[in-house]
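Visitor: I have a structure on the screen and would like to go through some of its contacts and pairings with you.

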Amino acid sequence: MGEASDAARSVVAQFRRDGFVAPESAQRAEFEVWDRVTPGWVLLVTLQILLELRAEDGRTDLGRPVRGLDDEEARLMIRTLLGDAAAPETSRRDLITLDRLLELLASVIAEESLSDEEVHALLEAAEESCLAVGPWDVSDDRRPQSGELVDLGGLLVPTEPGLKIELMSSRRDGSLVGVTLIRGRTAIQLQAFRALEDTSWASVREDLARTMRGRGGSAEERVGPAGTELQAVVRIQGPPGKDRQTARVLGHDGPGWILRGFVTGVGAEPGSTEEWPYETFQGTVVRMSAEDHGTDPLIRLRQPESGV
């Protein structure tokens, strides 16, 4: 059993024994830390696996009340964890907390009459699932070798027939600093940055939210398929009524870098369950070279050899 799933096992055992989350379990779980595989992430994925297996059998509701949750709250959490459009309401009400997650997980375990060995196997499978998800560093030997990638130097991005790729240049020196991928009515802009001292996706996310709100927009944190993201409305140039744009901002901490994805269009709408932007973000590979240093944190790109 891996380190995260082993800790998750202890958290589950303590909760099922005592009926509450002990302080040491809360600390061990590191819930809402999504930039690496934590016990809290393993617990969340374990519950998702169980709910998906039940949904395949046509069971999307629990057969018994969940302690600490009313029926509506339980249904919202289940729908959200199954990828339903209930996520914005669940986020607004801050329903997915460690104690509620464990209440729901313990209830499903009891209803399915799972043995300790079966629970441990699920936790291990959940950790393996977490470890198999990018974005990736170019040096990571766990990253999938299948699928076509466009080599842009600092980024290698997934591509497919019909995908439109637009490179973004710096206004200062003309160097390439980002790429926008467009499929249908959804786009995702990708940029990679060196992680300077005391910077992380959490600190960048906080700064972005503050900036968006200060410019007359809005930004709320929510947990999506790629971890903690911002659901935002940003001010743009345009006439009244067309001067705002809905966006989702994704982020990930890698070894010495941060990858940011800015999703716009249909896939950014609050009720969207479109998977392509997340698959693109999580399939991206970051290549930080020795030249990526100095005061400018941006990781530079280049034109692909085959052209765009």
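Visitor: Which residues is Gln 282 in contact with, leaving aside its neighbours within four places in sequence?
Guide: This is a predicted model, in which local features need pLDDT of at least 70, side-chain atom pairs count only at pLDDT 80 or more, and totals for chains, interfaces and linings use all residues. Residues are numbered from 1 along each chain as its sequence is written, and side-chain values use heavy atoms, with hydrogens and water left out. Contact means heavy atoms within 4.5 Å. With those sequence neighbours set aside, Gln 282 touches Val 133, Gly 134, Pro 135, Trp 136, Pro 225 and Ala 226.

Visitor: Is Gln 282 buried or exposed?
Guide: Gln 282 lies in helix H9 (residues 276-282), helices being DSSP runs of H or I with at least four residues and strands runs of E with at least two, numbered from the N terminus. Buried means under 20% relative accessible area, exposed over 50% and partly exposed in between, with a 1.4 Å probe and protein chains only. Because its relative accessible area is 17%, Gln 282 counts as buried.

Visitor: Which strands stand at the edges of the open sheet of four strands?
Guide: Two strands pair if DSSP finds at least two bridges between them, and in this sheet the order is S1-S11-S3-S2, with mixed pairing. Each edge strand has a single partner strand, so one side of each is left without a neighbour in the sheet, and these strands are S1 (136-137) and S2 (149-151).

Visitor: Which residue in S11 does Leu 155 stand opposite?
Guide: Strand S3 (residues 155-158) and strand S11 (residues 285-286) run antiparallel and are joined by two bridges. Across from Leu 155, the residue in S11 is Val 286.
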